[in-house]
Amino acid sequence: MSERQLAWVIDLNKCLGCQACTLACKTHWTTDVGTEHQWWLIVNTLPGQGHPRGWQEMGGGYRDGEPLPGRLPKREEWGQAWDFNYQEVLEGGKGQQVHLLPFNPDGSHPSWGPNWEEDLGAGEYPNAYFFYLPHLCHHCSRPSCLDACPRDAIYKRPQDGLVLIDEERCNGCRLCVEACPYKRIYFNPIAEICQKCIGCYPRIEQGVAPACVRQCPGRAVWVGFLDDEEGAVYKLVRKWQVALPLLPHLGTQPNVYYVPPLSPPPIGEDGEAQWGQGRIPMEYLRRLFGPQVDQALATLQAEREKARSGQTSELMRILIAYRFQELLGPFTVNPSQLQRPVGQNPTLT
Amino acid sequence: MVQVRGAMGLWAERYREKWRWDRVVWGSHAVDCYPGGCPWYVFVRDGRVVREEQAGTLPQIEAGVPDMNPMGCQKGACWSHLLYAPERVTRPLKRAGERGEGKWEEISWDQALTEIADHILDAMTEQGPESVIWLGTPEIGAIPARAAATYLGHVTTDGNAEFQDMSPGYYLTWGVFNPVASMDDWFHARLILIWHANPVYTNIHWYHFIAEARYNGGEVITIAPDYSPSAIHADYHIPVRIGTDAALALAMCKVIIDEGLYDRRFVQEQTDLPLLVRRDNGRFLRQADMADGGREDQFYWWDAKAQIPVPAPLTTLALGDVEPALEGTYRVRLKDGTEVEVEPVFQRLCRRLEDYQPEKAAQICEVRPELIRMVARKVATRPTKIFSGWNPGKHYHGDLMERSMALLLALTGNWGKKGTGTRSWAVGGSTAWFLLPLLEKADPAEAREVYRRLIEALETVRSFDPTLTREMALIRVQQELGMADPRTPGRMVPPAFLWYYHFGYKERWNRREWHDPSMKRSFDEYFQEALEKGWWDSGWARVWQQVEPRVLIEAGGNVLRRQRGGQELLLKHAWPKLKCIVSIDYRINTTGLYADYILPAAQHYEKVGFSMPSIHHLTTVLADRAVPPLDQAKSDWEIAILLLEKVEERARQRGIKEVTNRAGQAISLEGLAERATLGGAIRDEDARMDLILRSDAAIGILSGDASLAKLRQVGHMRWRRLGLLGHGPSQAADIRPHETFSPFRWHVEDKLPYATLTRRAQFYIDHEWFLEAGEELPCHKEVPPMGGNYPFRLTSGHNRWSIHSMNQTNKIILNTHRGEPFAFINNRDAEAKGIKNGDYIRIYNDCGSMIIQAKVSPAVRPGQIIVYNGWEPYTHRRWYSESDLEPGMVKWLHLAGGYGHLRYRLLHWQPIPVDRAITVDVEKVSP
């Protein structure tokens, strides 16, 4: 185990599915050739097949301590980086004969992408339901990717527990992708290596919170050390136990925790609201977040009731986050205050 | 055994190296997402913008209320990708094929400006200066470019009509359409009705206050036909039938009155509900009825104590010793000695509400009566906000919906205090920006002096009628003198009349079967009556009978995407009349594709500006120049000055000294740039911005040390007061330094009257047309079958991924959804039509048809089709988009004028085409 463990808490009741975290991540790390199709963090609408398509059925992780076999997602299951016929439409002289369209690298028209099922949901009107799930590397305490790597290229940093891929040791064999039950590792076909969320370690090292945390306009994401008993992350995960790991039964001990979604009551056949229950089936939530989800939702509701009746609630106070800095854990440095001139490493090209 | 390793190899340095920069510059995106003006850091490396990140530096305003950080959304987070994008334009382009063909010739700036200047001069001399039209879009970068219109006597079309964000029902009620609380005030609400809005898509940067209000003990109820993305975080979703929101609101009003839950004092004091109405003619009892020479705007209460009619004071809302009756029928003697029966509006309202008893309303809006009662009781018992966007105003009967929603707030005392009210868009906070054309020299002291003279002018107006508040005097000046001086700040014309005569709307608006059946006469009869009575003369409505448009300039906007009624209508009717069409933009949009010239403008990171200063955050935010404009692009201020200089030069060469406009004013074509730049002092955009900021400081809007240099240090400055121009005065409240902002406090706390005919929140409109239509009081009317008799209703709303069409074609954003336009359809409807998720469907009606990808979802109400707007037409097949299905109907009552607050002034009361809930059908098409 690492000496300390960083963890994320994402409140699905504040998440808007806006992809600000997605784009903050993308513009930081995956703009180079070979990484265009990589979305180290993506927000998907659930229920849904997610990204890659059907990842929950692809195996990986552990059962009773033994690794579960996993399979490699196909390229079309990931979805590819699309380009568009801008030149043809804007200055091709073809007028309305052409219109802007996405193309896969092979020229085909896309039929899947990282967020293909946005806002589709499940159920039947008027009781449709859906919610948003930001999905990044879980920086597991027992990372199956690390176990699966034949080259010892994956390791866990002692100071913060981030799971990182040594891109010099990695030979792109992709056994880690198979082993990851969350399918949060990508293959870079140009560099022929595997790549994934790096926990924004260059930011963290400078005391700046990860981009997905600091750039979340919904103020839905917290970061911090799990052992910091004064921190919001500890309180939400350990003390109040309203933040739960995703698919905990897969045994990797993930460190991204989710405050599960409340939802409006369903409307019965007679048109009356079924008060006291949410419209997202509990079975579905238990499958995602384990049996603790019942208690977590009950705690949330009970504390909301307290707030409604004018009592103070530590839990509500934490989830409100009166100050932006409360979300950032110990990483409250303002990036504009840093001097980060280019060319500090002449050995790098 | 988990392996732990501390040392990181050389590879790790590559990521550290990625996160480096040479400079950090304050930036913002200056678009109208209300509020725009998110403070960003823009990171520059090797002379290029590489990234941006929300600054997260806004202060907490009120103790115990969350701060506004990190304000900024996903669009802002990849704005830099637009700088170097394929749709970017960096050289002047001249059309080399047919309009819309996409064939271009690169030309020099000098050639482009010379040819455009000649077209402008041709138009001005042949048709008059009004024939050169600058479309009024809110893109703030366009405003310097439109300075050209100020000095050349051209017209600018009213922005609120162009982008159609008017709230007519709120305007009818309050005399302003745009009371806006600060974002953080939403935290104070105990009940938030998200109603006709989808803030999860459209207010990403401040939705958190709603989520946090919920954790603070508040409740959220979303009222929408579909289970919208803004319903998922609600405590309840009310699946209302499309277009029946007025019935729902009125049913709640009925419950609140029947159960005695209404705020009697608030109703008596703040509204017209106690005012007496004559039973013989349905008109308010006026002083002119009672006495010779009596005022037409003096109304009466029945004092329940003294049992006499007493004049409702013109100068205060305070009741004094009077107990205005809300019920009862009384007799009063008129000046001719006859007696008539009168009754308070409230009593008439109660009769009207008999039609909205919950069981009856449930038949209309398909919401269970018990639910209506439950929500009504909640509204009546806690601070409530209605999060309405600009969706109701885009409905044919949106005025009735908004009046009903305002009535709900009135009965429950829900405005003028923290955590209450509703919202619209409102900008303000820079008076100097508007005053610039009135200055003679670049000196903040002069700005202060001009401002002082403006206030003096208002006092002069008030000296003629001391009962006017300053707000009323200001409105009067805008209404009556608005067009007189070509330099009038923000001078605009309501474009409906231009559209009627020249854009092909006459025929559309006369499709009687697409109007409400209560329209008793033909649309044309109302239209002609309105013109003949001179109701729209302050908006130069009659000019278009004489003037043919010749030059159209779209600076920063995209009319062929935006216009309700569709590009076909414009291309068929307006385009042939236009000798020259210019797009000034940093990108090629659909309007640019159909233009004759595209002038390459600087993008937001390449010029100095401040973003749309909005009452939502009461902050002036710097959008600085992070990098110089790419290639040959120029800032829009520079483009404006270059154009003025070229017009001047060509006029001199052609021997044209001045032209005269239709108001008989001489427009001199000499010294144009000299005047616009105050003798050259503000030719430089830094100097211009510095003058604006220091002038705002001199006026007292910003703190005394405000300057460009200061703003470059701090990035943003909170306002000290709202100022007199922009939408500041509409708020009727002062900024308190350490509190959230709530509008209408002057009314509720200080008892200052409203700027309506009755000087109260007015629910009874006794204009003859409204009486004829049965809309003197709010009511529900069915959405007319605009588009023909088809089974589906097409609804829309702003999408999640762009601000209008800006950013919609950003490649990185396109990759986060389907990369092309789509329509949502209910799964059962889709099944019945044989449509599967991802199929292409044709949506059509009597106006047109479009082909689009289907997204099949149970979240959509059966019978509803949703196409979120903002798609560039050129992302659609044949470039036909949903606007080509929208008839663009105008409700005839919105031509009404000559009545109290029903007069034109910029951005306010005027006819505006609607687009929601039009009729369509769908069918599957082969791919």
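**Close-up views of a predicted two-chain model**

**View 1. Packing of H14 against H15 in chain B.** Helix H14 (residues 358-365) of chain B packs against helix H15 (residues 369-381) of chain B at an angle of about 110°, with the axes 8 Å apart. Axes are lines fitted to C-alpha atoms, for helices over the stretch in contact; angles run from 0 to 180 degrees between N-to-C directions. H14(B) and H15(B) are therefore roughly perpendicular (65 to 115 degrees). Helices (H or I, at least four residues) and strands (E, at least two) are DSSP runs, numbered from the N terminus. This is a predicted model: local features need pLDDT of at least 70, side-chain atom pairs count only at pLDDT 80 or more, and totals for chains, interfaces and linings use all residues. Residues are numbered from 1 along each chain as its sequence is written, while chains are lettered from A and ligands numbered from 1 in the order written.

View 2. H14(B) contributes Pro358(B), Glu359(B), Ala361(B) and Ala362(B) to the contact (C-beta atoms, placed from the backbone, within 7 Å). H15(B) contributes Pro369(B), Ile372(B) and Arg373(B). By class, this contact of H14(B) with H15(B) has 5 nonpolar, no polar and 2 charged residues. Ala, Val, Leu, Ile, Met, Phe, Trp, Tyr, Cys and Pro count as nonpolar, Asp, Glu, Lys and Arg as charged, and the others, Gly among them, as polar.

**View 3. Chain A against chain B.** The contact takes 92 residues from chain A and 96 from chain B. H1(A) gives the largest share of chain A's side, 8 residues. That side has 46 nonpolar, 24 polar and 22 charged residues. The predictor gives the complex an ipTM of 0.97 and a pTM of 0.97.

Key. Angles under 35 degrees count as roughly parallel, over 145 as roughly antiparallel, 65 to 115 as roughly perpendicular and the rest as oblique. Two residues are in contact if their C-beta atoms, placed from the backbone, lie within 7 Å.
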